[in-house]
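Let's take a walk through this one together. Have the sequence and the 3D view open, and we'll go from the overall fold down to a few side chains.

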Amino acid sequence: MAKMTLESLRALRESRQQGIERRETDGKEIHVIIGMGTCGIAAGSKKVLEAFINEIDAKKIENVIVKQTGCMGLCYVEPTVEVKAPGMPDTIYGKVDADVAKKILYDHILNGKLVSDHIYQRPAADNVVKG
């Protein structure tokens, strides 16, 4: 193994620090929780996690935290994603891929509109705002 230079150590520290800061919950009012149980991982939840993180970083969205959890019990519609956002009902989406993750980010999280064709834990009808 080659020796690391001071600059490479600083670069490594900086990249790890950004990863740690991404996990901080302070000031982040919107939570995206991705099911990362065995069934979720087998169905592609790692790509969904990556899609959310990459898009959030690219757009410099700072009030969203992406977290992982185990199986949500909806194995038949994995990968699953739960979104908790102020003013919106807590919602679990299923059959999420990278494209659907971006749609959830832009429609639900940024524009307050549910992505109806991927909801698998539907909020109560009186909580849904029709727009």
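One term to settle at the start: a residue is called buried under 20% relative accessible area, exposed over 50%, and partly exposed in between, using a 1.4 Å probe and protein chains only. Bear in mind that this is a predicted model, where local features need pLDDT of at least 70, side-chain atom pairs count only at pLDDT 80 or more, and totals for chains, interfaces and linings use all residues. Residues are numbered from 1 along each chain as its sequence is written, and side-chain values use heavy atoms, with hydrogens and water left out.

Now the big picture. The protein chain has four helices and five strands, and along the sequence they run α-β-α-α-β-β-β-α-β. Helices (H or I, at least four residues) and strands (E, at least two) are DSSP runs, numbered from the N terminus. Of the 131 residues in the chain, 39% are buried. The accessible surface is about 8400 Å², and carbon and sulfur atoms hold 50% of that; these areas come from the Shrake-Rupley method with a 1.4 Å probe, and for residues only the protein chains shown count as cover. As for contacts (heavy atoms within 4.5 Å), take those with a separation of 6 or more: 63% of them link residues 24 or more positions apart.

Next, the charged pairs. Side chains of opposite charge can pair when their charged atoms come close. Here there are two salt bridges, meaning a side-chain nitrogen of Lys or Arg within 4 Å of a carboxyl oxygen of Asp or Glu.

Start with Arg10 and Glu7, whose closest N and O atoms are 3.2 Å apart. Both sit in helix H1 (residues 6-22), and because they are three residues apart, about one helical turn separates them. Arg10 is partly exposed at 40% relative accessible area, while Glu7 is exposed at 54%.

The other bridge joins Asp107 and Lys103, at 3.0 Å from N to O. These two are four residues apart in helix H4 (residues 98-111), so again about one helical turn lies between them. Asp107 is buried at 18%, whereas Lys103 is partly exposed at 40%.

Last stop: Ser45, in helix H3 (residues 45-58). The Ser45 side chain reaches the backbone nitrogen of Ile41 at 3.2 Å. Setting aside neighbours within four places in sequence, Ser45 is in contact with Ile34, Gly35, Met36, Gly40 and Pro79.

Methods
Polar contact = N/O pair within 3.5 Å; in protein donor to acceptor, adjacent residues only side chain to side chain.
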